[in-house]
Structures are given as structure tokens and as C-alpha cells.
Amino acid sequence: MALLCFIVLQCLDFFTTLVFLNRGLEEGNPMVTWVLSHADSPWFGLVVTKLLAAFIGQYLYRSGRITLLRRANLGFSLVVSWNLFAIAAVYFRR
């Protein structure tokens with residue numbers, strides 16, 4: 001269940017980040033910012049980072065580090081929440 005939750009959160013982060021960037025907001029993660037600056041398009045850069053995250057999540061699951069995977073889920077749920085909050089703030093400001 002922890003791995004499924006991780007993958008769902010990665011998908012939610014992908015879509016909310018695309019909307020986030022489309023609204024003119026800046027990415028806060030330096031690694032993702034670097035990938036986005038070197039990618040042909042934002043969605044391609046995000047796909048690369050999300051695939052990397054999925055591989056890391058699968059590694060954590062297979063190596064039995066479920067507690068760490070659950071902590072990552074908590075962190076990504078906060079990231080998705082932040083993205084939604086920032087999107088709403090921009091939307092309601094206009």
C-alpha cells in the first residue's frame with residue numbers, strides 16, 4: 001500500500017506542478033529546477049524526475065524500508081498540498 005500511495009502522490013505532484021508552473025510560479029526544488037532548465041519542455045523534465053522518484057520508491061519498497069517510504073509519502077503529501085494552496089492563492093488573487 002505504501003508503494004501505491006507513493007506512485008499516486010508522484011502523479012499528483014506531476015500534475016499540480018505542471019499547473020503550478022503554468023500559473024507562473026517557480027519550482028522550489030533545486031534539483032527539479034535544474035532538470036527543468038535543461039529539458040526541452042517542463043512536462044518532459046517532470047517526467048524524468050518522477051520516473052527517478054518512482055525507481056527510488058520501488059527500491060525502498062523492495063529493500064524493506066517501508067518506514068522511510070511512508071515518511072516520503074508524508075513529505076510528498078505536503079508538497080502536493082503546498083502546490084494546491086499556491087495554485088488556489090494565484091487563482092483567487094485574480
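Predicted model: local features only at pLDDT ≥ 70, side-chain atom pairs only at ≥ 80, totals over all residues.
Let's start with helix H1, which covers residues 2–22. Its 21 residues reach 30 Å from the first C-alpha to the last, close to the 30 Å expected at 1.5 Å a residue. Quite a list of H1 residues is buried: Ala2, Phe6, Leu9, Gln10, Asp13, Phe14, Thr16, Thr17 and Phe20. What lies over them? The cover for the buried residues of H1 includes H3 and H4. After H1 comes Gly24, with a positive phi near 90°.

Leu4 also has its place in H1, but Leu4 is exposed, because its relative accessible area of 54% is over the 50% cut-off. Along the chain, Leu4 and Gln58 are 54 residues apart, and their C-alpha atoms are separated by 9.8 Å.

Next up is the pairing of H3 (residues 42–62) with H4 (residues 66–93). Their axes come within 8 Å and cross at roughly 150°, and the crossing is left-handed. On the H3 side, the contact is made by Lys50, Gly57, Leu60 and Tyr61, while H4 brings in Ile66, Leu68, Leu69 and Phe76. Sorted by type, the residues of this contact come out as six nonpolar, one polar and one charged.

Thr49 lies in H3 and Asn73 in H4. Is Thr49 buried or exposed? Thr49 counts as buried because its relative accessibility is 7%, under the 20% cut-off. Asn73 is buried too, with a relative accessible area of 7%.

| Side chain | Backbone atom | Distance |
|---|---|---|
| Thr49 | oxygen of Leu46 | 2.9 Å |
| Asn73 | oxygen of Ala2 | 3.1 Å |
| Asn73 | nitrogen of Phe6 | 3.4 Å |

Which residues does Thr49 touch, not counting those up to four places away in sequence? They are Val32 and Val35. For Asn73, leaving aside neighbours within four places in sequence, the contacts are Ala2, Cys5, Phe6 and Leu9.

Terms used. Residues numbered from 1 in each chain as written. Heavy atoms only, no water. Helix = DSSP H or I, 4+ residues; strand = E, 2+ residues; numbered from the N terminus. Buried < 20%, exposed > 50% of the residue type's maximum accessible area, 1.4 Å probe, protein only. Polar contact = N/O pair within 3.5 Å; in protein donor to acceptor, adjacent residues only side chain to side chain. Contact = heavy atoms within 4.5 Å. Axes fitted to C-alpha atoms, helices over the stretch in contact; angles between N-to-C directions. Left-handed = near helix turned anticlockwise from the far one by under 90°. Nonpolar A, V, L, I, M, F, W, Y, C, P; charged D, E, K, R; others polar. Expected span 1.5 Å × (residues − 1).
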